[in-house]
Amino acid sequence: MSRNLILGGALTALFLGAAALSFLWTPGDVTALNIPARLQPPNGTHLLGTDHFGRDILSMLMVGARTSIAVALVAVGIGITIGVPLGLAAASRAGGLLDELISRSADLIFAFPSLVIAILITAVFGPGALNAILAIGIFNIPVFARLSRGAAMSLWTREFILAARVAGKNRARISAEHILPNIANLLIVQSTIQFSLGILAEAGLSYVGLGAQPPVPSWGRMLADAQTLVSLAPHVALIPGLTIVFMVLGLNLLGDGLRDHFDPRLRVLRT
């Protein structure tokens, strides 16, 4: 097992555990204001200090992890659920009208970053976590569609696929029974990458006010609230920023470790 896989898995598990623990316990109440205790540095009572409303930053990070992880997880799920079948369908009809339609639609979505899509969605439905999920999820669809299409096309000329076609299986059944299991490792690795990008996208959308809305804690919102307090209380901005960095780092290391594990060509031989 590679170091990247171990370290990435440990960091990811830490944040997932903190998010799960926040359903049962947090050091402080994230909805209670304590103005006399505002902007306190890390101390024995508040391990990571307090924000401009006197709320415990550690508690805010734990509850905010739920928001970031939920948004990124559902958005990746949308990308996989819609994008993978589209990619497999395009590969099964490579060079045909369906392939061209799906490929050009993916190019069209790629032309609009998730932030622009979020602005378009919020202009109609208003800001919120649900709209952030839709924006990030829509952007994930062409990512998984292209990946599954490219990986599947390299398999359609293989002997076991030809044997399945001779046996009378249709294209949809071949894609589900033979193509999908053979590209699952690529999809798992890409999912971890898109998960980390989803965390960043959610933080970015919340930072500009298009993601989770107050009083729901969010890492991006914490950064936005702290941007004018950097000189007065640096920890209010540094701690949420470092939290995002380590979460994304953990997911990227996990993705690299999974890639090394699934691809024997990238494994490091140890004596």
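Reader: Which residues does Gln194 touch, not counting residues up to four places away in sequence?
Author: Gln194 touches Val76, Asn140, Val143 and Phe144, leaving out residues up to four places away in sequence (contact means heavy atoms within 4.5 Å). This is a predicted model, where local features need pLDDT of at least 70 and side-chain atom pairs count only at pLDDT 80 or more, while totals for chains, interfaces and linings use all residues. Residues are numbered from 1 along each chain as its sequence is written, and side-chain values use heavy atoms, with hydrogens and water left out.

Reader: Is Gln194 buried or exposed?
Author: Gln194 counts as buried, at 5% relative accessibility (buried is under 20% relative accessible area, exposed over 50%, partly exposed in between, with a 1.4 Å probe and protein chains only).

Reader: And which helix is Gln194 in?
Author: Gln194 is in α7, residues 171-207 (helices are DSSP runs of H or I, at least four residues, numbered from the N terminus).

Reader: Switching to α1. Which residues are buried there?
Author: Leu5, Gly8, Leu11, Thr12, Phe15 and Ala19. Seen down the axis of α1, the buried residues fall within an arc of 145 degrees, so they line one face of the helix (the arc is that of the directions from the helix axis to the C-beta atoms). Arg3 and Leu14, on the other side of α1, are exposed.

Reader: What do the buried residues of α1 pack against?
Author: They pack against α2 (57-92), α8 (219-226) and α9 (235-262).

Reader: At what angle do α1 and α2 pack?
Author: About 110 degrees, with their axes 7 Å apart (axes are lines fitted to C-alpha atoms, for helices over the stretch in contact, and angles run from 0 to 180 degrees between N-to-C directions).

Definitions and conventions. Helix = DSSP H or I, 4+ residues; strand = E, 2+ residues; numbered from the N terminus.
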